[in-house]
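Okay, thanks for coming, everyone. Let me put today's structure up, and then I'll talk through a few salt bridges and a sheet.

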Amino acid sequence: MDLSNETQFQYQLIALKNQEMLVEPVILLMEYLNLSYTVEFCTETEWNTKHKAVTPFGMSPVLVEQDGKKIVRIKNICRYLACVWSADELWGKNSHENLQIDIIVDTIEDMRQDLAMYYYEPLPGVKAGLRDFIYKNFNYYINKLNDMAGAKSFLIDKLSWADIFFYGLYPLLNEMLGKDIVHSQWNQPFTTIFKNVHNLPSIKEYFIKNHHRHSALTSAAIY
């Protein structure tokens, strides 16, 4: 997408160092929209001393606009960027399709939060007790998303920000789940969606220029 006249608008994305995978959807969306941005990954100490007190709800990551306004939560950040910069390109053809995009993204976020509760649980006994419940829920949601997916995207005939959002979060979900989502039993629509997103010129160029992120954050199996 060419928004060359708009690239002087500068964004700053601030996140904790352990949130590199979490913010990938935001970075990929800004790449697709050809936005100018910087990324700061900070330690927890740096976050607490420099950013937490001046961030809405003290939450990381945060996107800081040129005028100093701050947006938190990756879903909100991505939705906002798609609203402001993509016109209708990353949205559906009508209100119902836009609602479908929101439902898909909310479901992906629910999956991530469920997996995070399991993945970061420090007590082995509690974690073992959560495993079956979390995996059962994940399988249920992933099958529902699989049923909703079109041949090339979540919407029937066009790219949306939900496709970029899911593609960007895939490595994190994959790591927390402990298996490759794309090459699991549900795979075909997701394989196609992920390949289509990866082959978008601006996103493909981003991974070529940032080869360490290409190899560290994305399964080589989908290329």
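By salt bridge I mean a side-chain nitrogen of Lys or Arg within 4 Å of a carboxyl oxygen of Asp or Glu. Before I use that: this is a predicted model, where local features need pLDDT of at least 70, side-chain atom pairs count only at pLDDT 80 or more, and totals for chains, interfaces and linings use all residues. Residues are numbered from 1 along each chain as its sequence is written, and side-chain values use heavy atoms, leaving out hydrogens and water.

So, Lys 93 and Asp 157: their side chains form a salt bridge at 3.2 Å, N to O. Lys 93 sits in the loop between helix H3 (74–85) and helix H4 (95–119), and Asp 157 in the loop between helix H5 (124–148) and helix H6 (161–177), so the pair ties together parts 64 residues apart in sequence. Helices here are DSSP runs of H or I, at least four residues, and strands are runs of E, at least two, numbered from the N terminus.

Lys 93 also bridges to Glu 97, at 3.0 Å, N to O, and Lys 93, Glu 97 and Asp 157 are linked in a network. Buried or exposed, for Glu 97? Buried, at 11% relative accessible area, where buried means under 20%, exposed over 50%, and partly exposed in between, with a 1.4 Å probe and protein chains only. Lys 93 is exposed at 53%.

Now the sheet: four strands, open, ordered S2-S1-S3-S4, with mixed pairing. Pairing takes at least two DSSP bridges between two strands. Strands S2 (36–42) and S4 (70–72) are the edges. S1 (residues 10–16) runs parallel to S2, joined by seven bridges.
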